[in-house]
Amino acid sequence: MARRLEPLTLANLDELPVPCRHCVFWELDPVAARQAVRNGDTALEKEAWLSQLLLDWGTAGMVLYVDDEPAGFAVYAPAKYLPRVQAFPTAPVSPDAVVLATGRVLPRYLGLGLGKILVQAVAKDVLKRGFRAVEAFGDSRWDGPSCVWPTEFLRAVGFGVVREHPRNPRLRLDLRSAITWRSEMEAAVERLMGAIRPEHSPPAPVTVRDALRSGSE
């Protein structure tokens, strides 16, 4: 299967799975989110949020394609662009970290390691931009797709708990000290990240086998 990563933009926002395309859980504070739902404005609010974030900060999401079909995505940003952060009992996020807010792998692609690929791609981008860590809020009672990552998944891809909570612990992936993890990330993701191109220059498909081979050469 050919896999490639693309930055999340207004051009591919509609390729996010339902209901993620219209969800403003992270993009608005709880009161504003409820109002947007009542008004039926969530899609417009999400577009406005992404547009402003791209202008202010740049890439804030990754979409992973398998054989040219969207298979999963991840959204990340500094905490100040994610009003929902302040509603979590384990906030605030550390000032040296970017928040891995939300993401999903479509059911038909589960079990292929795509979630880890997405997290690795986010970590690589964040590290290049001078941040020391990625932090995320987990859901320790996760029982199905939601806007918050399962705590067990975050632990499995290298995050450690920095503030405990029975439902929503805050976890951290320290990028500058996780040397082994970073080496693995470089080998497995370098070619996938190389597939990200400006919109006018379509990327060539890159297989995970190619990525791994590149990392070992």
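Start by selecting D68, which at 53% relative accessibility counts as exposed, where exposed means over 50% relative accessible area, buried under 20%, and partly exposed in between, with a 1.4 Å probe and protein chains only. The model on the screen is predicted, so local features need pLDDT of at least 70 and side-chain atom pairs count only at pLDDT 80 or more, while totals for chains, interfaces and linings use all residues. Residues are numbered from 1 along each chain as its sequence is written, and side-chain values use heavy atoms, with hydrogens and water left out.

Staying with D68, its phi is near 70°, a positive value in a residue other than glycine, and the residue sits in the loop between strand 2 and strand 3. Helices (H or I, at least four residues) and strands (E, at least two) are DSSP runs, numbered from the N terminus. Select D67 next: this residue belongs to the loop between strand 2 (61-66) and strand 3, has a positive phi near 50° although it is not glycine, and at 44% relative accessibility counts as partly exposed.

The bond from V18 to P19 is cis, with omega near 10°, and P19 is placed in the loop between strand 1 (2-7) and helix 1 (30-39). The bond from A91 to P92 is also cis, with omega near 5°, and P92 lies in the loop between strand 3 (69-77) and strand 4.

Now select helix 3 (114-128). This helix has 15 residues and reaches 21 Å from its first C-alpha to its last, close to the 21 Å expected at 1.5 Å a residue, the expected span being 1.5 Å times one less than the number of residues. Because 13 of the 15 residues of helix 3 are buried, the helix is largely enclosed by the rest of the structure. G130 follows helix 3 and has a positive phi, near 90°.

On a 1 Å grid over the protein atoms alone, a pocket is an open set of points with protein on both sides within 12 Å along at least five of seven lines, a cavity is a set of points where a 1.4 Å probe fits but cannot get out, and lining residues have an atom within 4 Å of a point. To centre the view on the pocket, select R104, V105, L110, W142 and P150, which lie nearest its centre among the 20 lining residues. Strand 4 (97-105), helix 3 and strand 6 (149-150) each supply at least two residues of this lining.

Select E15, L16, P17, V63, P70, A71, G72, F73 and L106 to display the lining of the largest cavity, to which strand 3 gives the most, with four residues.

Finally, colour by pLDDT, the predictor's confidence in each residue, from 0 to 100. The protein chain averages 86, and 81% of the residues score at least 70. Over residues 194-217 pLDDT stays under 50, and the model has 33 contacts beyond four places in sequence for them, contact meaning heavy atoms within 4.5 Å.
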